[in-house]
Structures are given as C-alpha cells and as structure tokens.
Amino acid sequence: MTFFNLIKPEDFMLPCLNKQLIGLDCLGCGIQRATLLVFKGDFLMAFKMYPAIYTLFLLALFLIFNLFIKFKHDYTIKMGLIILNVSIVVISYFIKIIN
C-alpha cells in the first residue's frame, strides 16, 4: 500500500458554511468537487456538478497569461469572461434551486 492510496483529496475539501448553517447551497457549492472530477478526467460529470468550471479555468488561464503578455483589448476580454462566468453561475444556481 502506497502513501497516495492512503490520502484521498475528498478528505481535505472545505465544507460549505452556508449549507451547514442555512441549509441552502451557495453559488460556489460544487466547485471543489468539479475541480477534482476534472483532474480525475471525468469532464462531463464535472460540468454537471458545476457548469462554470471550464469558463472559470479559461478565465484563470487568461489572467495568468495576461500577467506576462499584455493585449490591446485585455480589459474588454477580462470583463467579458467575468460577465460570462457570473451569468453561468447565477443561471445554474437558479436552475439547481428550481429542480
């Protein structure tokens, strides 16, 4: 038995305080599990868990890339990606609440 078989990433995930205290999911519920699913290679289940996971990765990559290389319209691209991410998070949250 190896060391990596003894440690599971699920054991280190932070609990959602909103869900524990109020009983309702927050806008970020599922992002940790979705990220873990992406790293495990289960891309469809990660999208079902948290639909904004891929656009958040895209935003993070763009922000990191933009630290080193500046673009002419980088502010417009950043704001567009942020608005896209917020829209996906809010719409998927309302769909989750309704269902």
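Phe65 counts as partly exposed, because its relative accessibility is 42%. Partly exposed lies between buried (under 20% relative accessible area) and exposed (over 50%), with a 1.4 Å probe and protein chains only. The model is predicted: local features need pLDDT of at least 70, side-chain atom pairs count only at pLDDT 80 or more, and totals for chains, interfaces and linings use all residues. Residues are numbered from 1 along each chain as its sequence is written, and side-chain values use heavy atoms, without hydrogens and water.

Now the rings. The whole structure holds three aromatic pairs. Rings of Phe, Tyr and Trp (its six-membered ring) pair if their centres lie within 6.5 Å; planes under 30 degrees apart are stacked, over 60 edge-to-face, the rest tilted. Phe62 and Phe71 are stacked, 5.8 Å centre to centre with 15° between the planes. Phe65 and Phe71 form a tilted pair, at 5.8 Å and 35°. Phe62 is buried because its relative accessibility is 12%. Phe71, at 34%, is partly exposed.

Next, the surface. Leu27, Tyr75, Met79, Ile82, Ile83, Val86, Val90, Phe94 and Ile98 make a nonpolar patch of about 870 Å². Patch residues have over 30% relative accessible area and no salt bridge; like charges are joined within 9 Å, nonpolar side chains (Val, Leu, Ile, Met, Phe, Trp, Tyr) within 5 Å. A salt bridge is a side-chain nitrogen of Lys or Arg within 4 Å of a carboxyl oxygen of Asp or Glu. Val86 sits in helix H6, residues 74-98; helices are DSSP runs (H or I, at least four residues), numbered from the N terminus. Val86 is partly exposed, because its relative accessibility is 47%.

Key: Areas by Shrake-Rupley, 256 points an atom, 1.4 Å probe, with all protein chains shown as cover. Helix = DSSP H or I, 4+ residues; strand = E, 2+ residues; numbered from the N terminus.
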